[in-house]
Amino acid sequence: MSIQYAVTVATRRYEQRLRAQTAEATRRRVLDAVYEQLREAPARPVSVDRIARTAGVARSTVYVIFGSRAGLFDAFAADVLERGDFHRVLDAIADPDPRVHLRDGIAGGVHTFAAHRDVFRALVSMAELDADAVGGAMQRMEQRRANGMMRLARRLARHGLLRDGLTARKAADQLFVLTSFDGFDLLYSGRGLAADEVARVLVDVAQRSLLASSEPT
C-alpha cells in the first residue's frame, strides 16, 4: 500500500466519520426542538416548520432525516423513552420471574413518565384531540404497551400466579390501566405523590388485584 493511498483512505474515513457526526448532531437538534416546543407550548399544535426553524435547519432536512411526520414523532417518542431510563422496564421484561417483571416493570414505567411528565402530558392530550397531531406515534406506542401487557399477563398465567377466576385477557386489561400515563398522573399530579410512592401504590394494587398471593417478592 502506497503512502498516498493510505492517506487517501484515512482522509475518506475521517470525512465519513465527520459527516456521520454532523448528521447525528442535526438529528439531535431536531429532536431537542420538538421537546422544547412541547414543553413551552403544550397546547399549541406541533409545527414541523417551527421545529425546523428552532433546530436551524430547512424543513426539507427534517423529512430527509426522519422520512415523514410520523417518522419524526416515532423517533421522538423513542428518544423520550430512552432519556427517561426506559431500560428499567426492559430489564424487568428480561427477568425470568414474571413477578419481578410485574413489579419492576410498573415501577420503571412510573419513573419514565416522571422524568418527562410535561412532554408525555402534551403528547397524550394532543393524541386524544387529534390522532394525527403527533403523527400517530402515541397510538403506536399504546398498541405496543397493550401487547406488552398481554405478554406479561400470559407469563403470569403460565406460572400459575394469577388469582382464581382471572383470565389472562382480564389481567391484561387491568395492567393496561395500571401502566397508563393517566393512571400515573392521577397520583403524581393529582395527588402530589413522588414517583417512588406512585410506583408503590400501583405495584400494590397490581399485586393485590392480579396475583394469587399478594406477598411482595
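Trainee: In this predicted model, in which loop is D85 found?
Mentor: The structure discussed here is a predicted model. D85 is not a glycine, yet its phi is positive, about 60°. Its position is in the loop between helix 4 (69–83) and helix 5.

Trainee: Is D85 buried, partly exposed or exposed?
Mentor: Buried requires under 20% relative accessible area and exposed requires over 50%. D85 has a relative accessible area of 39%, so the residue is classed as partly exposed.

Trainee: Which residue with a positive phi follows helix 2?
Mentor: Helix 2 spans residues 48–55. After this helix comes a residue whose phi is near 75°, namely G56.

Trainee: Which residues in helix 2 are buried?
Mentor: The criterion for buried is a relative accessible area under 20%. In helix 2, the residues that count as buried are V48, R50, I51, A52 and A55.

Trainee: Which residues does V62 touch, not counting residues up to four places away in sequence?
Mentor: V62 belongs to the largest nonpolar core and is among the members, with V30, L38, L72, F76, L102 and L210, that touch the most other members. Two residues of helix 2 that are buried, V48 and A52, are among the contacts of V62.

Trainee: What is the volume of the largest pocket?
Mentor: Rolling a probe the size of a water molecule over the atoms shows where empty space is left. For the largest pocket, which is lined by 35 residues, the volume is about 780 Å³.

Trainee: Which helix supplies the largest share of the lining of the largest pocket?
Mentor: Helix 5 (87–94), helix 6 (98–115), helix 7 (117–129), helix 8 (137–158), helix 9 and helix 10 (181–188) each supply at least two lining residues. The largest share is eleven residues, and the helix that supplies them is helix 8.

Trainee: How many residues of the lining of the largest pocket are nonpolar, polar and charged?
Mentor: The lining residues that lie nearest the centre of the pocket are F86, M141, R144, R145 and M149. By class, the lining as a whole has seven charged, eight polar and 20 nonpolar residues.

Trainee: With which side chain does the side chain of R145 make a polar contact?
Mentor: R145 is placed in helix 8 and counts as buried because its relative accessibility is 14%. Not counting residues up to four places away in sequence, R145 touches L175, F176, T179 and S180. The polar contact, at 2.8 Å, is with the side chain of E142.

Trainee: Is A168 buried or exposed?
Mentor: A168 lies in helix 9 (residues 168–178). Not counting residues up to four places away in sequence, A168 touches M150, A153, R154, A157 and L162. Its C-alpha atom is separated by 7.9 Å from that of L156, twelve residues apart along the chain. With a relative accessibility of 19%, A168 counts as buried.

Trainee: With which residues is R27 in contact, leaving aside its neighbours within four places in sequence?
Mentor: R27 is placed in helix 1 (residues 3–40) and is partly exposed, with a relative accessible area of 28%. R27 and A55 are 28 residues apart in sequence, with their C-alpha atoms 9.0 Å apart in space. Leaving aside neighbours within four places in sequence, the contacts of R27 are I65, F66 and A75.

Trainee: What separates the C-alpha atoms of R208 and R163?
Mentor: R208 is in helix 11 (residues 195–210) and is exposed, with a relative accessible area of 56%. R208 and R163 are 45 residues apart along the chain, and their C-alpha atoms are separated by 9.1 Å.

Trainee: How many helices and strands does the protein have?
Mentor: Of the 217 residues in the protein, 41% are buried. Among contacts between residues at least 6 apart in sequence, 66% join residues at least 24 apart. The protein has zero strands, and its helices number eleven.

Conventions:
Residues are numbered from 1 along each chain as its sequence is written. This is a predicted model: local features need pLDDT of at least 70, side-chain atom pairs count only at pLDDT 80 or more; totals for chains, interfaces and linings use all residues. Side-chain values use heavy atoms; hydrogens and water are left out. Helices (H or I, at least four residues) and strands (E, at least two) are DSSP runs, numbered from the N terminus. Buried means under 20% relative accessible area, exposed over 50%, partly exposed in between (1.4 Å probe, protein chains only). Contact means heavy atoms within 4.5 Å. On a 1 Å grid over the protein atoms alone, a cavity is a set of points where a 1.4 Å probe fits but cannot get out, and a pocket is an open set with protein on both sides within 12 Å along at least five of seven lines; lining residues have an atom within 4 Å of a point. Grid points are joined across faces, edges and corners, and a volume is the space filled by probe spheres set on the points. Ala, Val, Leu, Ile, Met, Phe, Trp, Tyr, Cys and Pro count as nonpolar, Asp, Glu, Lys and Arg as charged, and the others, Gly among them, as polar. A nonpolar core is a set of buried Ala, Val, Leu, Ile, Met, Phe, Trp, Tyr and Cys residues joined through side-chain atoms within 4.5 Å. A polar contact is a pair of N or O atoms within 3.5 Å; within protein, one must be able to donate a hydrogen and the other to accept it, and residues adjacent in sequence count only if both atoms are side-chain atoms.
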